Amino acid sequence: MEILRNMWRRKFRTTLTIIGIVIGIFAFTVMGSMALKLNKMIAGGKNYITGQISISPRGTDFMSGTSSLLPVDTLAEIAKVEGVQAVEGSVSLTLDAPDPDSVSMSFGQPATINSLDPTSGFENRNWKKMAMKSGKMIDKDSAVNDITIGITVSLDKSWKLGDSVDIRSQKFNVVGILEKTMTGPDSYVFMNLSKARELYVESNPFLKSLKEQSESAGKISDSELAKLSPEARAQIVQAKSFKMEDVSTSASVSWKDGVDADKLSETLKNDFKKEISVMSPKAMGELIDKASATMNAVIYGAALLALVVGLFSIVNTMVMSISERTKEIGIKKALGASNRSISFEYTLEAGFIGVVGGLIGAALGGMTAYLLNQKMASQGAEIFLLEPSFFIGVIVFSFVIGIVAGLVPAARAAKMKVVDAVREL
Amino acid sequence: MEKIVVKAIGLTKSYKMSKTNVISALRGVDIEVREGDFTAIVGPSGCGKSTLMHILGLLDRPDGGTLEIDGEDFTKLKDDKAHKVRAKKIGFIFQGFNLIPTLTALENVVLATKYGGVKHALRKAKAVKMLEMVGLKDRMNHKPNELSGGQQQRVAIARALINDPTIILADEPTGELDTKTSMEVMDMLKKFNKENNQTFLIVTHNHEVAESCKKIIKLRDGKNDN
């Protein structure tokens, strides 16, 4: 009570100090909320990716986005390896066709079409069933044009359950909307594999050309083929060999119960080293952890820097305050105040300054994050996660910061020799 | 014969200003104060009056000699224990009043009760009664800058007396007051001395103040001059 009164009666000085800690806590709250969101997304992604063995064709360059394909025969061979439960080829591409004339940047993940092959028997170990907001996930009984969409896609495109929607000039039916996951699937459109392959081929000029050549070659009868020159015949045969089933840009492998997934990954790597790249669950997990650690270091490092500034703001104020209040300390000691009570009083005062600054900073930071999220949601990319436990932690932390900042000045006040303090009187 | 409340024998105190410059503030001072005494300490500037008051008030420790308060030897009492004795046995009245400026008159007096170990529930009532005794009940919610010099000194008196200390040390209590107010303050101190048998030791340059005391102790160059 007395401490609050002391703070209130030195309003100007207290306000200036509090502003310092408000700025630090504000920065910490905003950046911490961003880190929480990114960590959750990463954790969700890690959980998913470590529930399967991920396969990509040799020659895949993630940076440039170019990819070779995984032929269906290769996938069939992989399925025969001991320990493999199921293999699912998949295709993914952006929901919207890129506009070559437009340049834009956005935070968050772009909306992505991800294929599903409900007949493959594949099941991710860590992500078996997704919570639905409405409708259902597409399954083997669904029509090929049925899609299930993430919540961010639904909000961004204003697509509702039951809507017939246009994707890359084809019509699809929304049969399900996922619950918010705060991770990648919020921006996904789950589509039947055959339809996703169609859209993928259509979007890739080379594959589109191969398909058209294959269709043309398919119209040539065997008798007509026999009349052609060997070179022409070879070309036609090659054109005919293109199959839509061979269009898989990646594949996921599930393993049987009791099988060591990392050992199985090594087996696949060795047996198919010419055709595929294999990322074991462990390797994927480590990759994600490394990226996550670096990201967190950058985000929290910047936030802590701002907080340290706030901390020194309190230290500076407390040191100045105590040297100005030497007379007051002298009076109190003359009246019988112990060193401990003086130290406790000033440390607690610093702690309270920390709490008040923390409350205001956390409130401002939370409001900023909330408003930015509201704005981003319309673009499909919320980048802050607002968790009550985080805010409570921030306020407790600000109290601790205040206490720590007050310790040295308070100790100096307590150690002040009574006679020296009294001489100031 | 009244009991001895303060007894000091051969008090010495020096201050080292630099490696070669040492100032002897007290060079063997003897002092004896009995219960109910109203004693003045006089002497020229630099004779050691303030140093003596600091030592008697346990604000500083002597280099040599002995000091007893209420029969207990406090010569070597360390600072971390001295505060308890100061809180309960010693009351201070300073020349510049030295009230805490952000606290009201009442809060300044309550502060002394906090250190004096008075129970929380009783502090305010005790402080109000004390302020009433010094005639300031109607001004108790005012801060020091809203009070006159005389009123501030009366608050300081209330603060010094509230824990019923063994001795009240007053360092130039009328130093910043006009003649009329000085006499009012001295009359108040005498009133408490007479009615409650409280013991006062008053440092003063003022001859009239000194003459109005029952006893006078003279110091010169750090020694007794009686």
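Q: Quick one before we start: what is pLDDT?
A: pLDDT is the predictor's confidence in each residue, from 0 to 100. We need it here, as this is a predicted model.

Q: OK, what does chain B average?
A: Chain B averages a pLDDT of 91. In that chain, 100% of the residues score at least 70.

Q: And what are the ipTM and pTM?
A: The model has an ipTM of 0.90 and a pTM of 0.68.

Q: Sheets next. What is the strand order in the open sheet of 4 strands?
A: In chain B the order is 2-1-4-5, and the pairing is antiparallel. Strand 2 (22-34) and strand 5 (72-73) of chain B are the edges, each pairing on one side only.

Q: How many bridges join strand 4 and strand 5 of chain B?
A: Strand 4 (residues 64-69) and strand 5 of chain B share 2 bridges, in the antiparallel sense. Across that pair, B:Glu68 stands opposite B:Asp73.

Q: Which helix lies across strand 1, strand 2 and strand 4 of chain B?
A: Helix 1 (residues 49-56) of chain B does. It runs at about 120° to strand 1 (4-16) of chain B.

Q: Now the open sheet of 6 strands. What order?
A: That sheet reads 6-7-8-3-9-10 in chain B, with mixed pairing. Its edge strands are strand 6 (90-93) and strand 10 (223-224) of chain B.

Q: Strand 3 and strand 9 of chain B: parallel or antiparallel?
A: Strand 3 (residues 38-42) and strand 9 (residues 215-220) of chain B pair in the parallel sense, over 4 bridges. B:Thr39 has B:Lys215 in strand 9 of chain B as its bridge partner.

Q: Which helix packs on that sheet, touching strand 6 and strand 7 of chain B?
A: Helix 5 (residues 149-161) of chain B. Its direction makes about 170° with that of strand 6 of chain B, and strand 7 covers 167-171.

Q: What is B:Leu169 in contact with, beyond its sequence neighbours?
A: Leaving aside neighbours within four places in sequence, B:Leu169 is in contact with B:Met53, B:Leu56, B:Gly57, B:Ile90, B:Phe92 and B:Leu201.

Terms used. Residues numbered from 1 in each chain as written. Chains lettered and ligands numbered in written order. Predicted model: local features only at pLDDT ≥ 70, side-chain atom pairs only at ≥ 80, totals over all residues. Contact = placed C-beta atoms within 7 Å. Pairing = 2+ DSSP bridges. Axes fitted to C-alpha atoms, helices over the stretch in contact; angles between N-to-C directions.
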